[in-house]
Each structure stands twice: as structure tokens, then as C-alpha cells.
Amino acid sequence: MSVSVDPTTDPTSVEPSGNEPAEALRPHAEDAFADELTALAAQDDRPRPARWKLSPWAVATYLLGGVLPDGTVISPKYVGPRRLVEVAVSTLATDRALLLLGVPGTAKTWVSEHLAAAVSGDSTLLVQGTAGTPEEAIRYGWNYAQLLAHGPSRDALVPSPVMRAMGEGATVRVEELTRIPADVQDTLITILSEKTLPIPELGQEVQAVRGFSLIATANDRDRGVNELSSALRRRFNTVVLPLPESVEAEVDIVARRVDQIGRSLDLPAAPDGIDEIRRVVTVFRELRAGVTSDGRTKVKSPSGTLSTAEAISVVTGGLALAAHFGDGVLRAGDVAAGILGAVVRDPAADRVVWQEYLEAVVRERAGWTDFYRACREVSA
């Protein structure tokens with residue numbers, strides 16, 4: 001006997017109750033910042049390239065933040081050199097593809113998502129690069145049921161995000177380009193140079209319409225994994241995203257993102273948490289650079305990257321600990337375990353680096369006694 005189940009009353013159903021859509025854990029950029037994009041579009045009277053939702057000036061303002069003539073505040077999505085953002089945006093207004101290059105945690109994916117959201121209003125046309133990314137992910141695939149039943153046809157063809165972007169005049173993103181096998185990477189050459197995608201099985205091609213652009217990201221730690229061919233590299237304009245220049249700049253980035261993530265997870269704001277954020281950032285920067293901030297003491301660097309993104313994760317984890325198992329105030333003990341996990345990736349070599357840093361630097365630093373004790377406790 002079959003039993004019908006009403007998803008609105010069945011407690012095991014994953015469907016949302018009523019008519020409200022399920023709340024996304026991490027909304028796409030165009031949804032999370034829809035009000036800002038709408039406000040920018042309403043007051044943007046500058047020339048816009050074909051099929052762009054905003055002018056290049058407005059796209060840069062969306063990324064870097066600012067105040068519009070009507071008083072609307074646009075929050076900064078990227079904290080860094082303005083010229084880099086302007087070069088990236090102007091590249092997309094030409095027929096060149098954009099390659100965002102940098103060490104892990106320099107916001108390459110974050111910037112690419114927000115660029116696509118501001119330019120096309122859609123950041124979801126995405127190819128995720130891995131060692132197993134097939135050619136079909138960039139070109140097209142086939143619906144094999146249709147293919148076997150009726151033979152090759154446009155109905156049987158499954159377009160890739162790149163093909164869709166070409167036909168719609170939209171922006172497509174290719175993440176971790178250098179992790180994709182070299183022969184698959186090179187399928188982009190014709191797309192980027194001729195702005196066409198041949199379909200030899202049908203004797204047809206897809207031509208990119210005006211507005212089409214491609215943003216790729218690559219981690220410069222992956223050099224030597226799948227290097228771009230010289231022919232493909234020439235098709236890109238490369239913008240290198242640097243690490244934050246100063247402690248205060250990195251603290252500002254971490255604080256902003258932690259606040260955004262905390263609100264999305266309904267975590268209470270941690271009063272006076274900026275002091276612990278500054279400690280985390282200081283530790284990461286000193287271990288990355290191999291020298292203390294005053295330049296007096298050299299330290300060994302661990303095998304991990306200790307990126308800004310990892311600092312954000314450490315502080316967010318600490319905020320959750322403080323909210324659920326503490327008094328709501330972010331303290332040294334809340335971030336100590338996260339720092340240990342970020343620094344000690346190699347249990348043998350990195351643990352020695354961390355212990356030496358604790359004893360030679362943290363132990364002697366004025367005002368860091370609580371931090372030293374918390375780190376010693378979790379390191380024992």
C-alpha cells in the first residue's frame with residue numbers, strides 16, 4: 001500500500017513549511033547585496049558596456065565601497081589598492097579575459113564572485129577547477145538518453161556554464177584554473193581568441209555575444225602543477241591580488257567578514273572582540289613573514305599559508321565558542337585552538353615552529369600573558 005506524504009506536515013521533510021523559501025546559508029552576492037546593487041543601478045548615469053547591469057565606475061564602487069549622492073552607503077567588499085580593482089573592471093569591459101592571481105586567502109574567489117554579480121547580476125555561472133575537471137565542464141556535454149534515442153542534436157546537448165555565458169552575453173567564472181589539466185585548460189584558447197565554441201558533432205558553433213567575459217582565479221602556490229600554456233596566458237590580463245599591506249588593514253578585513261558571517265549564523269556580536277582579532281592577525285602576519293612586527297626577532301614559518309581567510313575562520317570559530325560555551329565575550333581561550341589548528345598542519349615540523357614562537361615571542365610580549373597561557377593549554 002502506498003502512502004502519500006504532505007511535505008508541509010511531515011516532520012521528516014526537508015522542504016520549508018508554508019510558502020516561504022528555505023533560507024540559504026550563504027546567499028549569492030547578487031542576493032546578499034541586492035539592495036546595494038539596486039541603489040547603484042538607480043543612480044548610475046554613466047555609460048555601460050553592452051549587457052552590463054552597472055557602469056565600470058559603479059562596479060568599482062560596489063567592490064570598494066562608498067557613499068552615493070542620496071546618502072546610500074555601499075559597503076566595501078574588497079579592501080586593497082583601488083587601481084587593481086579599476087584594472088580588473090576595465091579588463092572586463094574589453095575583449096580580454098581576467099586572471100586573478102595570488103596566494104591563498106587573498107580574496108580571489110570573493111572578488112570574482114562580486115565582479116560577476118555587479119557586471120551581469122549573476123555569479124552562478126561557475127566552473128570549479130580540480131584535477132578531475134573534464135573538457136565537458138568547459139565546452140559542453142550530452143544528454144545520453146536523448147543522444148541514444150535521437151542522435152546528436154541541440155536538444156541532446158548540455159551546455160557548460162561557459163557556453164551559456166557566451167550565448168547570454170554574461171560573465172562566467174573559472175575557479176582554480178591551474179588545477180585543471182593542461183589539455184582541458186587549452187579548450188579555452190579558441191573561446192577566448194575567436195570568441196566561438198565549435199560543435200563539430202553538429203557542424204555548428206556558438207558565437208559569444210557582446211557582454212561575454214571570463215574571470216579565472218589561480219593560486220600562485222600551484223606553480224608547476226598545471227602551468228598555463230603561453231598561448232592561453234596571452235589571452236588573459238593578469239591582476240595579482242596582494243596580501244593586506246598593514247596589520248590595521250587586515251584587522252579591518254577580518255572584523256568585517258566575521259561580523260557578516262556572524263550575523264548570517266545568528267551569532268551574537270562579541271564586545272571588545274577587536275583585541276583578539278588583532279592578536280590573531282599579528283600572529284599570522286609574523287609567522288608568514290618570518291619576523292616579528294618590530295623587526296627584532298626572526299621566527300620560523302610553518303608549512304601552512306596562514307591567510308586572511310584562515311584568520312577569519314579562526315575568529316568565527318572563536319566567536320561561536322564564546323557565544324555557546326562562554327559568556328559571549330571573545331577571549332584568548334576561544335581563539336587559541338583555532339590558531340593551533342591553522343599553524344600546525346605538519347604535526348612534526350610545524351609543532352616545533354609553534355612552540356618556539358610561543359616561548360620566544362608570545363611569552364615575552366607585554367599584555368599577552370592570557371594568550372600565552374591559553375595557547376600553552378591547547379598545545380599540551
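1. Helices here are DSSP runs of H or I, at least four residues long, numbered from the N terminus. With that in hand, a few notes on the salt bridges of this predicted model. The count comes to 21 salt bridges.

2. R83 is exposed, at 60% relative accessible area, whereas E86 is partly exposed, at 27%.

3. Next, have a look at E310 and R345, whose side chains form a salt bridge with an N to O distance of 2.3 Å. This pair links distant parts of the chain, as the partners are 35 residues apart. E310 belongs to helix α13 (residues 308-325), while R345 lies in the loop between α14 (332-343) and α15 (349-362). E310 has a relative accessible area of 14%, under the 20% cut-off, so E310 counts as buried. R345 is partly exposed, at 46% relative accessibility.

4. Finally, which residue forms a salt bridge with R48? The partner is D44, and the closest N and O atoms of the pair are 3.5 Å apart. D44 is buried, with a relative accessible area of 8%, whereas R48 counts as partly exposed, at 36%.

Notes
Residues are numbered from 1 along each chain as its sequence is written. This is a predicted model: local features need pLDDT of at least 70, side-chain atom pairs count only at pLDDT 80 or more; totals for chains, interfaces and linings use all residues. Side-chain values use heavy atoms; hydrogens and water are left out. A salt bridge is a side-chain nitrogen of Lys or Arg within 4 Å of a carboxyl oxygen of Asp or Glu. Buried means under 20% relative accessible area, exposed over 50%, partly exposed in between (1.4 Å probe, protein chains only). Helices (H or I, at least four residues) and strands (E, at least two) are DSSP runs, numbered from the N terminus.
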